[in-house]
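Please look over the sequence and the model first.

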Amino acid sequence: MPDLGAALTGRCILVVEDEYLIAMQVKRWLLAAGAEVIGPVPIVEQALDLIEDRCPDQAVLDINLGDGATSYPVADALAALGVSYLFATGDVRPAHTCLHRQRPRLAKPFDQSDLVQAVANLAPRAR
């Protein structure tokens, strides 16, 4: 098991999650692992604004964001920028495109070590 306190040092990670308590826990865990966290934000428009302001190195995206919204538009924007991401979700249905089905998925509920390891395994952003 890697040292969780340094596993993500130097990485800037976007978090998109609509459940406040989960969002805050994910942020705490990523910060504890040395990452800088952008967000968390609960809606697509806010996530896209953050990406425009500061492109992250990686992202953790909940798929379902309430009221029928999904994070797929955020995933598409990240992919276009060469930013790796994973879906951290309780959604067991297949994604609507092949690209999304191929992305790493972390099933809820997950713990700190699961999250940190999954993010650490993501490829770095193409620069």
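Which backbone nitrogen lies 3.0 Å from a polar atom of the side chain of Glu17? The backbone nitrogen of Glu19 does.

This is a predicted model: local features need pLDDT of at least 70, side-chain atom pairs count only at pLDDT 80 or more, and totals for chains, interfaces and linings use all residues. Residues are numbered from 1 along each chain as its sequence is written, and side-chain values use heavy atoms, without hydrogens and water.

**Glu17**
- Glu17 sits in the loop between S1 and helix H1 (20–32); helices (H or I, at least four residues) and strands (E, at least two) are DSSP runs, numbered from the N terminus.
- Glu17 counts as buried because its relative accessibility is 6%; buried means under 20% relative accessible area (1.4 Å probe, protein chains only).
- Its side chain makes a polar contact with the side chain of Lys108, at 2.8 Å; such a contact is a pair of N or O atoms within 3.5 Å, and within protein one must be able to donate a hydrogen and the other to accept it.
- The C-alpha atoms of Glu17 and Gly66 are 9.8 Å apart, with the two 49 residues apart along the chain.

**Nonpolar cores**
- The largest nonpolar core has 19 residues; a core joins buried Ala, Val, Leu, Ile, Met, Phe, Trp, Tyr and Cys through side-chain atoms within 4.5 Å.
- H3 gives the largest share of this core, four residues.
- Another core, of 18 residues, lies apart from it and includes Leu30 and Val60.

Technical notes:
Buried means under 20% relative accessible area, exposed over 50%, partly exposed in between (1.4 Å probe, protein chains only).
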